[in-house]
Amino acid sequence: MKYAVINKKDLNKWIEHLNKKTKLYAPKKKENLFVFKPIKDVKEVCLNYIPTILPPKKYYFPQNEKLLKFNIDPFKAEQAIKEFEDFILFAVHTCDIAGIQCMDVVFREDPVDSNYLNRKNKMTIIGMECSEYCDKYANCTSMGNHVPKGGYDLMMSDIGEKLIIHINSEKGEKLVQRLPYIKEADAQDVALLEQLRERKKTLFKEEFAGSLTQVYEAFNEHFDSDVWKDVGRRCVACGNCTAVCPTCYCFDVVDELELSLNEGVRNRIWNSCQMDDFAKVSGGEDFRKGRDARQRHRYYRKFKYPVDKFSRYFCTGCGRCTRTCMSEISLIETVNSLISEERKGELK
Amino acid sequence: MIDREMPYKPIKAKILEVTKLTESEKFFRIELDGKVNLDHNPGQFVMVSIFGYPEAPISICSSPTDKGYFDLTVRNVGVFTNKLHQLKKGAVIGIRGPFGKGFPIDNMFGHDVVIVAGGLGIVPLRSLIRYITHNRNDFGNVQILLGCKTSKDLLFKEETKEWMKRSEIKFNCTVDKSDSEWEGNVGLITTLIPDVDINTARTYAVVVGPPIMYKFVIMKLLEKGIPENRIVVSLERRMRCGLGKCGHCQIEGKYVCQSGPVFNYSELKDFKGECNEKAS
């Protein structure tokens, strides 16, 4: 374990230094919420923030991503972007880092998606550990994402006057080296970090009414539960929940023609399984009809299918889907209702 | 043939031949740039590109034993297929693939094969039927049951006449609704199954058709005693990537474009949702 420390009053100096060398995206305020944005003035950077409106996925999995540049006549198709830019994601919460780890697993699976990896390989992640809950919507503790568990180059934790920085990669180490205001942590700093983690044990409580194994079992048992009908009745199919989710990656591929009508680009754009045509084929058959089936699908893609496939839950606990839902569908409530469902067999 | 650096890059291909099969279906013979063989398995599909239009997954209806070209048969139902239907001989399109798992040919060697095709289901099955006819002595008895709405909807008319004449293949066809031009069987495809002579110990049934057909056909085949893992189906889904990523074709935890489109019934029956093909 290697730790460095920086005095909070020197932090802006460090961000400025990083921002000069590499493109840096950090959380800043937008009205009463927060967003990841390129930073012009270091004073904008907000370390104490609740999860941003969109997760940082927009930088490694953009809403509109050029996949190909094409020519109709003569037929030609080539890579749209040849050079990818280095960038730093600054002050990323541990929940969002868990989201990046989920996306890695998906896009690294054979056949690999080079478009994602090209961007991901240029990314440096500097995390920011939460000392307190962001708000009542988060379920990071149940997901085990309230504490750092890898997936970053550097991780900052608040130990009072200073931030202690866990160095987790060579790339990260280079960013804290040879700077007069960043020093190696001493025993007292590390002791303070341990105190923070101890305090978090009492502060952060599992939000679900059961363990993750029980959650998984509930999903196994209650595919036909009325919980889904209830969620489906309330859902307005706006797709906000999937847009803000750090592990939702469903997409569509669409072409955009230039005015010449001969050249164009093929784009990958975000899509949502909540849209009513998402699983419909041209012949008219719809394989996921109804908002209940589509909401259920979204939940199963967090708590069941990826667990079977990748041994990993695809809910990070960030709480965004609940925070953004117009009809106040709460992920914690939905999961808890499912856990408390009587088994169908017992009812009969 | 997926370019690992650029998995979304289609390769250039030329339309060698366009034939109108019915009012809504056209047959396309395609040649890849440099006359490269597609090298597919029967039952696989390709993503077809016409730049400016949404890419679409289309079943390959020729056999890998048909060298130098491959065939597609497409119904005109959407934006992309409408555009494809307008293309003429010599037109250039883009191809990615082949994708997915085809029919389990290797496991089918030495078995009897019952092929049940409903409507457009004959399209992917034509790849299998041609493969079998080109490797006929690898298989036992081969029976083909074909059903369509009316005689006007019958695809591959010349070829089916050919199949009817062949002595080593038993071919039977039915239409849902008769007309003056039709002299054969009338009734749903399921009416043909009771008369099929099946040795359940050595038979593979391969079924492709519209979702509603599966329920009833599979039920009849199970009644006949064919084991679940030897009833094979192919599923149609919306697809955007073919790489198991975009999410559209997902059935529970499976991506049809990668794990399918061919499944056997023991896999199919365990799907709880999103599977209109399952006998409920």
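**Terms and values, set side by side**

Q: What makes strand S1 (residues 11-20) of chain B and strand S6 (residues 92-99) of chain B a pair?
A: They are joined by 4 bridges in the antiparallel sense. Two strands pair if DSSP finds at least two bridges between them, so S1 and S6 of chain B meet the condition. Within this pair, Ile11(B) stands opposite Ile95(B) of S6(B). The model is a predicted one, in which local features need pLDDT of at least 70 and side-chain atom pairs count only at pLDDT 80 or more, while totals for chains, interfaces and linings use all residues. Residues are numbered from 1 along each chain as its sequence is written, and chains are lettered from A and ligands numbered from 1 in the order in which they are written.

Q: In what order do the strands of the open sheet in chain B stand, and why are S4 and S5 at its edges?
A: The order of the 6 strands is S4-S3-S6-S1-S2-S5, with antiparallel pairing. S4 (56-59) and S5 (70-75) of chain B each have a single partner strand, so one side of each lacks a neighbour in the sheet. Neighbouring strands are turned by 45° against each other on average, direction ignored. Strands (E, at least two residues) and helices (H or I, at least four) are DSSP runs, numbered from the N terminus.

Q: Which strands does helix H1 (residues 79-86) of chain B touch?
A: Helix H1 of chain B packs on the sheet and touches S2 (25-32), S4 and S5 of chain B. Its direction makes about 120° with that of S5(B); such angles run from 0 to 180 degrees between N-to-C directions, with axes fitted to C-alpha atoms, for helices over the stretch in contact.

Q: Why is Ser24(B) called partly exposed?
A: Ser24(B) has 15 C-beta neighbours inside 10 Å. A residue is buried at 20 or more other C-beta atoms within 10 Å, exposed at 12 or fewer, and partly exposed in between, with C-beta atoms placed from the backbone; Ser24(B) therefore counts as partly exposed. Ser24(B) lies in the loop between S1 and S2 of chain B.

Q: How do you know which residues Ser24(B) touches?
A: A contact requires C-beta atoms, placed from the backbone, within 7 Å. Leaving out residues up to four places away in sequence, Ser24(B) touches Arg75(B) and Asn76(B). Ser24(B) and Arg75(B) are 51 residues apart in sequence, yet 5.4 Å apart in space, C-alpha to C-alpha.

Q: Into what domains is chain B divided, and what is the class make-up of the side of domain 1 that touches domain 2?
A: Chain B has domain 1 (11-99) and domain 2 (105-268), with bounds from an automatic or database domain assignment. Their centres, taken over C-alpha atoms, are separated by 21 Å. The contact takes 22 residues from domain 1 of chain B and 19 residues from domain 2 of chain B. On the domain 1 side, the largest share, 3 residues, comes from S6(B). That side has 9 nonpolar, 9 polar and 4 charged residues; Ala, Val, Leu, Ile, Met, Phe, Trp, Tyr, Cys and Pro count as nonpolar, Asp, Glu, Lys and Arg as charged, and the others, Gly among them, as polar.

How values were computed:
Contact = placed C-beta atoms within 7 Å.
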